[in-house]
Structure formats: structure tokens, C-alpha cells
Amino acid sequence: MIPDIGRGSRTHGLLVYLYGPGKREEHTDAHIVGSWDGFAPDPGRDTDPHVTLARLTAALDLRVKQAGDRAPAKHVWHCSVRTAPGDRRFSDEEWNAIAQRIVHATGIAPDGDPDGCRWVAVRHAEDHIHIVATLVRGDLRNPRLNYDFNKAQAECRRIEKEMGLRRLNAGDGTAAKNPTSAEKFKAERTGRPEAPRETLREAVRQALAGAATEEEFFTRLREAGLRVDVRIAPSGDALGYKVALPGDRNRNREPVWFAGSTLAPDLSLPKIRHRLTSTTPDAPTPSAEPARGTGWSAPALERRNATGIAERATILLDSDDDEATAHLVGVGELLDAVAHTSPAATRAELAAAARAFERATRSHVRAERADTRAIRAAARGIIQAGSALGRGEDGGTTAMLLSTLVLVTLAAARWHSARGHAQQAHASRQTAEHLRAAYSQAATTPMQALRDQGRALPEPERRTHQATIRAALPETALRADSSPTKTDALAATLAQAEQAGHDPKALLQQAIDMRELDTAEDMNHVLVWRLRRLAQLPAHPGEATRRRQAVPDQTKTSTNHSNSTATTAPARPAADPRSRPPRR
């Protein structure tokens, strides 16, 4: 059950809307289901509705006129109460009881108070009612409406429990403001897929991801095509900012501006400034050229580096430390960065994941000494590398990162659940589902290539690696899928790690011990990417050829030898120059 509260100054105008056809002819059989005394005139049940509507307006506004200048300017209190999809339909008597509970809980008309405010509850649809009250009591004082929305929310949670309705997650006051009905209708009328408030919130988040300075943040906003207005103090310092979409204008043909604080609580300039000054990324800007000596493109290298940083965030979240709240913000920036630089195939799911996780980044828990420079630097690196190479990236390193981010968001869900943050925990689980869908798209090609390589291994070598896998993985994981081909990609990865000089058994155990695997949808996939990162193997099998081409011929042998022995034997001393044959 969802309450939505607003204030206004035109009692008659609101009633005309409630009893009218609606903006899309959606209002049917409008009538009163409850009122302050049970005898309010009902335009929906009268033969002359226009006259009755005027009588109802006069009755509601009676005390407002008596109070004169003491009445509040916005004297109309409007609360819609809607059932959740799937809930049963209520009778008029049940809606009347719900309305009475809402006006009592919020202080509009407490039970047993003869001087409570006048109110009516109008029903013009099956799934909701509108409560209209005028904010002057019978003793001509204003009602005490402190935290009326929170009180209405709490009462709705109690009603859900008592009436067996779908129980929605309780909020904690840290959510971003939803678009108003007027904003939604305007978006529909102008052909926008969503309200400008939501588009701007996402654009501001993406501009902030990995930004190092205020100037860079404002530059990114302008480069994204937004109108930006920065309020400057006489000293030259920025005091605040507001943004608008090009072409979004009001009835006076003026841009419709949104201050950062109205988009989300953490997007005000003071909050942004605190994030930038306390966690400025200190990593160098990635080069647009492929990383020398690796053959990896800059986007691939940045995603690989971000995977290790995301793993550390997962460990911190699992430690149940309050300092992890700062890393949730960093994870949000990382998701924004990946979504901003993703190819078309995964862009929709990653954008949905970043948008969902936005709710999980805010709570009342505060970090005192968290250091999030590394994770913000990772987000910055991904954005810089992606934009420098035309958003280029390979599916392998993206799949590697997404596989880890799924586990990060599930750890975030557990962290929030342990603190009673129902909405944030739900948002984290939603994010994980979007990331899984994006991962499936990104991992299809590289995982199929690895499976093909696993099947192509010599049979004795293949059996050896399959035995290693069976000995290391939990029995429950093996029982989940007894097919021998299930672990072909994992066997191929172990074979490549062995060729690079690693001990397959030790490396696999290290990957398993990094953290629990119970929350992984596919344990084999998670282990493949962990192993490839630990052994510094190419994320995509096709990278191996590119890496060999990137290494000069005269140094290929020595480079490969040093890579293969780095983890198994101490480095050999350099040969004595005097022992070399003289040059001819």
C-alpha cells in the first residue's frame, strides 16, 4: 500500500480533477467513501453534480475562511493511497476505514477529537482513493503535521500486515524523490520515455563517477548535453548548481531546472564536494594506447584491474563493518562507469543495474575513515579508457568484472539486510539480477571459446584437470550438474595456467578460498574468471594471439620465461656481461 502526500491552495480545482474524467479518461464512478462527519455532500451521487461540488468545496473551506490570514497559504492536504499490484480489491467500507486510520495517524483528524480538520475520501478507481483535507482545525488552529509522510507510511505498513496485503519495504527517508504525477503526464505528452527528473539523475550520477574535481564534474555535465547553471558567490566559489534537459520548458517557455539536491539527497553540491575532496582518485589517467607488453587494450586492462578492487569491496561488505557504506557509493560509481562505456548488447541491462543500485548507496549509516580512492580510481579509469577508445572493450574482461559485481551486490544485500534496510537490500538484489542478465550476454562468446578449448585438450591432460576440479570443489557443486562438459572451460583455464608456470591445484584452491561461492549462480563461471585474473591469463581466449603479436620477437622468449616462473621460482641472477662473447 503506497501513500503519496502533497499540498496545494485550490480546494475546488482538486475536487474538479478528482470528479472529472482524468487526463486519460481513467476516472470512473467517482464518489465519496468517507468524510469528517459521514454526511458530506457527494457530487458523484447527486443529480446536479456542479452545485453539489460547490457545496462540498464551501464545506471543506469553511474554517479556512473563518481563520482568514491565520490559515496557511497551502491549506489543501492531499493524500492518495494505492494498493500494490496483485492486492485484492476493497469495498467502500474498507476504504473508509483505511482513510480514517490515515487521517488519525497523520494528525489531520485524530480519533475522538471534535476539532479535527475537515476531510473527504474520494474513490474513482478500483485500486486507490484520494483523501482531501483543509488544514484548519475547528478551534481555528493549524494541525501538527510533523513527519506526516513517515506516519502515513508506517500506518500503511500496519494495514498491510493486518489485512494480509503485499508488504512493501519500509523506507528510511534516504530515497530519491519520485517524479510527480504532473511530471509523468508531461513526459507521456511530450513523448519522453521517462520524466526529466529521472533522466537528469542518471546523467548527474554518471558525470560524477570517478570525477576528480568540481570543474571536471561540471564539464562532464555539459559534455553530456545538459543545461548547467552554477550559482557563484562573490568570492568566485560555487554555491550550488542546477541542471535541465534541452527542450524541457515550462508554460512560460523557460527551462525546467532541477537542483542537485532535488534529484537525490547525495547529489547536492556540498555532498558532491565532500565526496570529491575526501576520496579524490589518485590513480593516473589511463592511456588510450594498449598497455605496453601485455597486448590488452586500455578498456580491457582497466576492467581487469577493477575486478580485483571489486573483490576487496566484497570482502569488506562480508566483514559487516559500517565503514563499508562508503564502498557502496564506490560500487555505485563503478556500475555507472561500466554502464556508461558498455556496448549496445549489454548497455540496457547495465544501465538498469546502475539505476537500481543507486538506492542501495544511501542509508543513515556513516563511514568515518573509509578510503575509497582505489574504487573511485577504478571507475575513473574505465570511463577514461572507454571514451578514449570509442567505448571499446572485449567481452572477456567485461564478463570477468560483471561476475564479480554480481557477488558484490549480493554482499551488499546481506549488509543492508543485517541493518534492517529493506529497500536498499531489495535494490541490491534487483541489481544482481540485471548484472546476471548482462553477464550472460557478455560471457557467451568467451565462455564458449574456453569450453571448445577444454574439449580440445589431450584426453589424459583433460582427465587430470577434471580430477583436480572434482577434488577441490564441494560435493554439492558437483551434484548440481554431473555433466563432465560442465567444467570444460574451467579445465581449459587450469591447462593455460599450468602452461604459464602455475600449480593448477594450488591456484584453484586459492581461487576457492578467496571467499564463499554459495551465492554464485554458476560456481564454474566464477572460478574461471578468478583463475584467469590470478594467473594473469587473457580474459578472452582470442587475446592470446593479440598478446603474442604485441610482444617483440626478440624479447618474446625471455618475457614468456619470466612470466611463467614468477610464481614458482626465484628470479635468476643476470648473466655477467664479461662472460658474453665479444661483438663482431
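Two strands are taken to pair if DSSP finds at least two bridges between them. Helices (H or I, at least four residues) and strands (E, at least two) are DSSP runs, numbered from the N terminus. The model is predicted, so local features need pLDDT of at least 70 and side-chain atom pairs count only at pLDDT 80 or more, while totals for chains, interfaces and linings use all residues. Residues are numbered from 1 along each chain as its sequence is written, and side-chain values use heavy atoms, with hydrogens and water left out.

The protein chain holds 22 helices and eight strands. Of its 584 residues, 49% count as buried (under 20% relative accessible area; exposed is over 50% and partly exposed lies in between, with a 1.4 Å probe and protein chains only). Contact means heavy atoms within 4.5 Å. Among contacts between residues at least 6 apart in sequence, 72% join residues at least 24 apart.

Five strands form an open sheet in the order E1-E3-E5-E4-E2, and their pairing is antiparallel. Its edge strands, each pairing on one side only, are E1 (2-8) and E2 (31-35). On average, neighbouring strands of this sheet are turned by 25° against each other, direction ignored; axes are lines fitted to C-alpha atoms, for helices over the stretch in contact, and angles run from 0 to 180 degrees between N-to-C directions. Strands of a sheet pair through backbone hydrogen bonds, either parallel or antiparallel. Strand E4 (residues 119-123) is joined to strand E5 (residues 128-134) by four bridges, and the two run antiparallel. The bridge partner of Val-122 in E5 is His-130.

Helix H2 (residues 49-67) touches E2, E4 and E5, and its direction makes about 45° with that of E5. Helix H4 (residues 148-163) touches E1 and strand E3 (76-82), its direction making about 155° with that of E1.

E6 is joined to strand E7 (residues 238-244) by six bridges, and Asp-229 has Lys-242 as its bridge partner in E7.

Leu-263 is found in helix H8 (residues 260-263). Its relative accessible area is 0%, so Leu-263 counts as buried. Leaving aside residues up to four places away in sequence, Leu-263 touches Ala-176, Lys-177, Arg-197, Leu-200, Arg-201, Val-204, Val-243 and Phe-258. Leu-263 and Arg-205 are 58 residues apart in sequence and 10.0 Å apart in space, C-alpha to C-alpha.

The structure holds one cavity of 30 Å³ or more. On a 1 Å grid over the protein atoms alone, a cavity is a set of points where a 1.4 Å probe fits but cannot get out, and lining residues have an atom within 4 Å of a point. About 130 Å³ of space lies in the largest cavity, where a volume is the space filled by probe spheres set on the points, and grid points are joined across faces, edges and corners. Its lining has 15 residues, and Arg-205, Arg-275, Gly-332, Asp-336 and Thr-361 lie nearest the centre. Helices H6 (196-208), H11 (324-340) and H12 (344-357) are the elements that give two or more residues to this lining. H11 gives the most, with five residues.

Terms used:
1 Å grid on protein atoms, 1.4 Å probe; cavity = no way out; pocket = protein on both sides within 12 Å on 5 of 7 lines; lining within 4 Å.
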